[in-house]
Amino acid sequence: MRTYFCFWILFWVGHPHQSSSTPLFKRTSGFPENPKVLDLSRNNRKELNRSKRSWMWNQFFLLEEYTGSDYQYVGKLHSDQDRGDGSLKYILSGDGAGDLFIINENTGDIQATRRLDREEKPVYILRAQAINKRTGRPVEPESEFIIKIHDINDNEPLFTKDLYNASVPEMSDVGTFVVQVTATDADDPTYGNSARVVYSILQGQPYFSVESESGIIKTALLNMDRENREQYQVVIQAKDMGGQMGGLSGTTTVNITLTDVNDNPPRFPQSAYQFKVPESAPPDSPVGRIKASDADVGQNAEMEYSITEGDGSEMFGVITDKETQEGIITVKKVLDFEKKRQFTLKVEASNPHVDPRFLYLGPFKDTTTVRIQVEDVDEPPVFSRPAYILEVKEDVQINSVIGTVTARDPDSAKNPIKYSVDRHTDMDRIFNIDSGNGSIFTSKLLDRETLLWHNITVIAAEINNPKESSRVPVFIKVLDVNDNAPEFAMFYETFVCENAKSEQLIQTLSAVDKDDAFGGHKFSFFLAPEVASSSNFTLQDNRDNTAGIFTRKIRYSRHEMNMYLLPVVISDNEYPIQSSTETVTIRVCACDQRGKMLSCNAEALIHPTGLSTGALIAILLCIIILLVTVVLFAALRRQRKKEPLIISKEDIRDNIVSYNDEGGGEEDTQAFDIGTLRNPEAIEDNKLRRDIVPEALFMPRRTPVVRDNTDVRDFISQRLKENDTDPTAPPYDSLATYAYEGNGSVAESLSSLESVTTDGDQDYDYLSDWGPRFKKLADMYGGTDSDKDS
């Protein structure tokens, strides 16, 4: 027989209701007055089903924010296997079990250990089970239940922003949307009115209003003008409990800015403006600025300026400065004080962006009067033309006038003008100008073939005020004159074959002319009269500016005449006629049967191979001249070695004789006797001069012994006296060096040369302490000493 066990759960719910959202009306800290035991076994399935329809058997309800000193009682668990003998043990697991919720393992009572907040966690899901204490086995299956936290009004509404920023156009109608504010309440919106929020305005009336349910802020006053007031601060309150007393509330601030619309027309602060401008002001230069004021800002304050009427509308213009919205009066044409001294303008300022809604406020433009006075300035001279073009023939004589430039003083004073040529444009000074009347004349001869155009600059300056000057370019074209004779287009050198036939064409000639010919050049060719009848060649003019050279006889011999010079006269048909005589070189050459040149050298037949006799003779002469040059050079060098340093007795001057002898250092004791430097007595008696070869040998002169205690001054004085009385000394100043340091010095000799003649009694061990750079010296000197010691 199968036995079924039942698990009983006892709930304390006060007065039970069918909906879990219904609040409890009674709260106790003990057991419920009318506990309902629910049988969860299969035998009582029908009763279980009925209980589900009338009871929320798996839920506990608990109010949040409990303020009592004891633990808050939640409910009781009970199993039908519990006989009250303490053999069962109740276990609780799930959300907050053992920490937030504790259970009496013997009785099944559940309690909350601390105050709960629905906003932190509204529902807790737990599991309960009854086990046998002795066996540790469950006597009932594990059951799951819910503890739901009932809400109380403990949270005030909070706005999504602490500060709102909004804007609305000025002059808006009443009820224009501005911004919507939103507040949220953390309380349960399904439980009472704790989360029902109502909006109201605390600050900002009568300008703005707010809808209580939606939080939409709207304008409440007609024709709010930004120019009067631009910023508004509105305080909105949100209150829960539907706005009833006792409800919690929160506030936020809304900063509302009125944006600009074009509701103000431009206005000039002055009805008239007056400016002055010098007559020398160039076009597009500014004269003055005007500005119309507009209370609007941004695009609505943009201006456009225009000249509507006035006698200066053609001389002046106006442009708009987009940065400053100012109207800039500018010069359009060159002004002349002598012609007109004052102008009047009507300038209009208007808004380019007009709002049709505000046209009733009047025309959005304004007009002012601008008077401009032209000031007189000392202007530079003005030339009658912007540029001059002159023409002159190239054969014009020097000092001939080729043209005239004129300039005038535009001022009323009419000061006299002085003309000059800018020499930077006429570096060769080919032209000059009369300073009084502006006549340009030549200073040098012209040549069109050298330079066709001359571009010079003429300066006109006031005599009373030379700083006031102006310049004008003058372009001078040099016209052609037939002053150049025609000449060959190239140098002609041709050949004629020895076997040439009579009347055979051997060369075609052409000519060029540096001069211009408007109808084209027409050249005439003919042989010079002195050779016309005796020449071996004939010349035929082709009448097309070319001519041909033809042979006159049948054969030519290069042994008789290997080259012919044929003079040709070329003349033009211009006026005056120019002609020139050009020479054509014709060589006689050996040719093959087809007329192809083979050789034009007459000696080639005599010496077909090798060098000619003339060439050999020239080579021998060169060799002889070279040998003579070498011998003379050697002899001169030999003679120079024997000559003395001074050849002429009159050559008296200071001389320094340098022998470029380099010693071998301290270890070189063979080059000279170092002891001589220390002891002048050791000087060799028979030492002779090395600068010249002596003609006669004088007897050597014994140098007196120098005392040991003599000083350097006495030593040098004695040596000077010896040199002055030396008959072998040359009659000029020479450099005498005395390497003597003197005797008796307390510090002794500082020269390293002395170390060669003295014993090495100095200790060089300290060189080892100076580092690796002095290691070599330490080994040399330190090692030597150690060897001596050993």
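Guide: What follows takes the chain as a whole, then the sheet and its salt bridges, and then some other parts for context.

This is a predicted model, in which local features need pLDDT of at least 70, side-chain atom pairs count only at pLDDT 80 or more, and totals for chains, interfaces and linings use all residues. Residues are numbered from 1 along each chain as its sequence is written, and side-chain values use heavy atoms, with hydrogens and water left out.

The protein chain averages a pLDDT of 79, and 77% of the residues score at least 70; pLDDT is the predictor's confidence in each residue, from 0 to 100. The secondary structure of the chain comes to five helices and 42 strands, where helices (H or I, at least four residues) and strands (E, at least two) are DSSP runs numbered from the N terminus. Of the 790 residues, 35% count as buried, a term that stands for under 20% relative accessible area, while exposed stands for over 50% and partly exposed for what lies in between (1.4 Å probe, protein chains only). Residues 24 or more positions apart account for 67% of the contacts with a separation of 6 or more, a contact being heavy atoms within 4.5 Å.

The part to look at is an open sheet of four strands, in the order E2-E8-E7-E4 and with mixed pairing; two strands pair if DSSP finds at least two bridges between them. Strand E2 (59-63) and strand E4 (88-94) stand at the edges with a single partner strand each, so one side of each is left without a neighbour in the sheet. From one strand to the next the twist averages 30°, with axes taken as lines fitted to C-alpha atoms, for helices over the stretch in contact, and angles running from 0 to 180 degrees between N-to-C directions. Strands of a sheet pair through backbone hydrogen bonds, either parallel or antiparallel. Between E4 and strand E7 (residues 123-132) the sense is antiparallel, over seven bridges, and Ser93 has Arg127 in E7 as its bridge partner.

Arg127 also takes part in a side-chain pairing, for its side chain meets that of Glu142 in a salt bridge (3.9 Å, N to O); a salt bridge is a side-chain nitrogen of Lys or Arg within 4 Å of a carboxyl oxygen of Asp or Glu. Because Glu142 lies in the loop between E7 and strand E8 (143-150) and Arg127 in strand E7, the pair ties together parts that are 15 residues apart in sequence. Glu142 is partly exposed, with a relative accessible area of 45%, and Arg127 likewise counts as partly exposed, at 31%.

A further salt bridge joins the side chains of Lys121 and Asp95 (4.0 Å, N to O). This pair links distant parts of the chain, with Lys121 in the loop between strand E6 (109-112) and E7, and Asp95 in the loop between E4 and strand E5 (101-103), 26 residues apart. The relative accessible area is 32% for Lys121, which is partly exposed, and 30% for Asp95, which also counts as partly exposed. By the rule given above, the count comes to 21 salt bridges.

For context, another open sheet of four strands has the order E34-E36-E39-E38, with antiparallel pairing. Its edges are strand E34 (487-488) and strand E38 (537-541), each with a single partner strand, so one side of each is left without a neighbour in the sheet. E34 pairs with strand E36 (residues 505-512) in the antiparallel sense over two bridges, and Phe488 has Ala511 in E36 as its bridge partner.

Elsewhere, strand E29 (residues 417-421) has a covered face of Ile417, Tyr419 and Val421, and an uncovered one of Lys418 and Ser420. In a regular strand the side chains alternate between the two faces of the sheet. E29 pairs with strand E32 (residues 453-462) in the antiparallel sense over five bridges, and the bridge partner of Val421 in E32 is Val458.

Two stretches call for caution: pLDDT stays under 50 over residues 695-703, for which the model has eight contacts beyond four places in sequence, and also over residues 784-790, for which it has five such contacts. Where pLDDT is low, the predicted coordinates should not be read in detail.
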